[in-house]
Amino acid sequence: MWLTKMHSPPAERNKEPIWKILQEKVFSKEMRTDSEKWQILEVAGGAGVHTAHLVMRLADWNKKPFHWQSTDPEKDSRASQVAYMEEDITSSFQEYVSKTPLSLTLSSDGVVEPETRSLVQSSSLDLIVNINMIHISPWEATVGLMKLAKESLKVGGILYLYGPYKQNGTTAASNLKFDQFLQAKDSCFGIRNLEDVLALAKSEGLELVSITEMPANNLSVILRLKEGV
């Protein structure tokens, strides 16, 4: 089967800054689960640029085995993820990544697809990575993401978010312009207030670990699943 890579210039620009945050703040510091092999779920993996880059970086750096499972609701994006895996991940590192991206759609009830839900909602994950989804999806998808994190992360597991956010109702001028563009495209889209996202996360048992400013007026947000939720 012929697979076509989808190009994503923003992902190409931010893939290395994201890796550095994951390396320094998550894999080196905040991953406190006792897993012998890290189980990592990438939600809304898009074209697959991040998938290939982060798997290669982690496999090259890491001292612990891991398994990376990518997902996306769109068939073309999942095919592109496979293309990036096959072309950009060296043969010695192929064992670390699933070559079958899952169809994963989020609603306010969590994961829509029953088969995918059965695979990921079992308190088995050490890390969920979600890059540039929250502002280009309905709010219900963020609600579902937090439910997924509560149900699928191990205690102490991490939810990593990356993207643009408003804080105290405002953000950089370029982000405000982008927000207007998004809402004109789809009234359900838009740059969210970080306070609303954190409140939703807290309601599902996730505590804030850190917020880091990133290039191009984005933020890296690290959340951890607390005990007893």
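This is a predicted model: local features need pLDDT of at least 70, side-chain atom pairs count only at pLDDT 80 or more; totals for chains, interfaces and linings use all residues.
Student: What does the radius of gyration say about the chain?

Tutor: A compact globule of 229 residues would have a radius of gyration near 17 Å, and because the chain has 17 Å, it agrees with that expectation. Buried residues make up 52% of the 229 residues, and among contacts between residues at least 6 apart in sequence, 75% join residues at least 24 apart.

Student: How should I read helix α1, and what does it reach from its first C-alpha to its last?

Tutor: Helix α1 covers residues 9–30, and its 22 residues reach 29 Å, close to the 32 Å expected at 1.5 Å a residue.

Student: Which residues of α1 are buried, and what do they pack against?

Tutor: The buried residues of α1 include W19, L22, V26 and F27, and the buried residues of this helix pack against β1, α2, β5, β6, β7 and β8.

Student: Where do the nonpolar residues gather, and which touch the most other members of the largest nonpolar core?

Tutor: In soluble globular proteins, nonpolar side chains tend to be buried together. Here the largest nonpolar core has 33 residues, of which F27, I40, F66, L127 and Y160 touch the most other members. The elements giving two or more residues to this core are α1, β1, α2, β2, α3, β5 and β6, and the largest share, seven residues, comes from α1. A second, separate core of 30 residues includes L102, V143, V197 and A201.

Student: What does L127 touch?

Tutor: Leaving aside residues up to four places away in sequence, L127 touches several residues, among them V26, F27, I40, L153 and Y160.

Student: Are N132 and A216 buried or exposed?

Tutor: N132 has 22% relative accessibility, so it counts as partly exposed. A216, in the loop between β7 and β8, also has a positive phi, near 60°, and because its relative accessible area is 62%, A216 is exposed.

Conventions: Residues are numbered from 1 along each chain as its sequence is written. Side-chain values use heavy atoms; hydrogens and water are left out. Helices (H or I, at least four residues) and strands (E, at least two) are DSSP runs, numbered from the N terminus. The expected span of a helix is 1.5 Å times one less than its number of residues. Buried means under 20% relative accessible area, exposed over 50%, partly exposed in between (1.4 Å probe, protein chains only). Contact means heavy atoms within 4.5 Å. The radius of gyration is taken over C-alpha atoms; the globule rule is 2.2 Å times the number of residues to the power 0.38. A nonpolar core is a set of buried Ala, Val, Leu, Ile, Met, Phe, Trp, Tyr and Cys residues joined through side-chain atoms within 4.5 Å.
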